[in-house]
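Try each task before reading its solution.

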Amino acid sequence: MSSPTTGRKPRLAVLVSGRGSNLQAVLCAIADGRLDAEIVGVFSDRPGAAALERVPAPLRWSAEPRRFADRAAFDAALADAVDATAPDWVFCAGYMRILGDAFVQRFDGRLLNVHPSLLPRYKGLHTHARALQAGDSEHGASVHFVVPELDAGTVVAQARIPVLAGDNADDLTARLLPEEHRLVVAVLALAAGGRLAERGDRSNWMVRSCLDHCN
Ligand code: GRF
């Protein structure tokens with residue numbers, strides 16, 4: 001199905017740095033019809049990222065940040081490459097490099113990230129270990145709009161898992177990842193369907209309510 005307003009499928013650009021299991025979940029959802037969208041490019045700061053191998057070569061773009069004069073120059077090259085694919089949404093799926101303000105501004109309102117914690121808890125790295133250390137009884141993942149401050153944008157929706165006695169960080173990773181993948185596909189389906197817009201707390205409430213009905 002194509003968009004009633006543009007006459008084409010919603011265009012999705014994906015930023016990756018690692019193995020790309022979230023990207024794979026998106027590809028599978030497109031392939032079996034759960035997500036009506038088109039991946040128009042996969043972009044990485046790590047040319048060796050396994051995630052890149054999950055899409056055909058013409059869809060791949062990568063560059064090493066150290067070959068650029070500074071962070072702004074790398075970000076500008078990345079932003080130009082992403083922009084050239086005319087994406088409706090840009091999704092950070094395990095993209096491990098902080099995006100500078102200029103990049104964030106350029107894609108403001110259509111830039112999403114998945115983060116492995118129940119934001120606002122545990123922004124940044126080592127989220128599973130930090131949840132365990134704090135003695136949390138539940139943990140999870142969040143999809144949020146990206147703003148210049150790290151992991152601080154409006155949360156769109158979250159997936160939750162219980163923390164069980166004896167869990168270590170690997171246990172949490174293994175149990176959370178499938179839930180994270182479901183969350184990502186559900187949010188991108190809302191985005192692709194034109195049902196997601198950043199309007200402060202209200203969008204948060206609207207999307208949570210949709211997900212409650214889907215699950
Ligand atoms: C995920 O846990 C995501 O939440 C975090 O990095 C990981 C990426 O995994 N930002 P993958 O590359 O999608 O497999």
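**Exercises on a mixed sheet**

**Exercise 1.** Find the residue of β7 that stands opposite S142, then work out how the two strands run.

*Solution.* Start at S142: Q158 in β7 stands opposite this residue. Next, take the whole pair in this predicted model: β6 (residues 138-145) and β7 are joined by 7 bridges and run antiparallel. Finally, check how covered β7 is, counting a residue as buried under 20% relative accessible area. In β7 (residues 155-162), 6 of the 8 residues are buried, which leaves the strand mostly covered.

**Exercise 2.** Write down the strand order of the open sheet and name its edge strands.

*Solution.* Walking across the 7 strands gives β3-β2-β1-β4-β5-β6-β7, with mixed pairing. The edges are β3 (60-62) and β7, each pairing on one side only. On average, neighbouring strands here are turned by 20° against each other, direction ignored.

**Exercise 3.** Determine in which sense β1 and β2 pair, and find the bridge partner of V16.

*Solution.* Strands β1 (residues 11-16) and β2 (residues 38-44) share 6 bridges and pair in the parallel sense. Within β2, V16 has S44 as its bridge partner.

**Exercise 4.** Which strands do helices α1 and α2 lie against, and at what angles?

*Solution.* Take α1 (residues 21-31) to begin with: this helix packs on the sheet and touches β1, β2 and β5 (111-115). The direction of α1 makes about 170° with that of β2. Then turn to α2 (residues 71-83), which lies across β1, β2, β3 and β4 (89-92). Helix α2 runs at about 170° to β3.

Terms used:
Residues numbered from 1 in each chain as written. Predicted model: local features only at pLDDT ≥ 70, side-chain atom pairs only at ≥ 80, totals over all residues. Heavy atoms only, no water. Buried < 20%, exposed > 50% of the residue type's maximum accessible area, 1.4 Å probe, protein only. Helix = DSSP H or I, 4+ residues; strand = E, 2+ residues; numbered from the N terminus. Pairing = 2+ DSSP bridges. Axes fitted to C-alpha atoms, helices over the stretch in contact; angles between N-to-C directions. Contact = heavy atoms within 4.5 Å.
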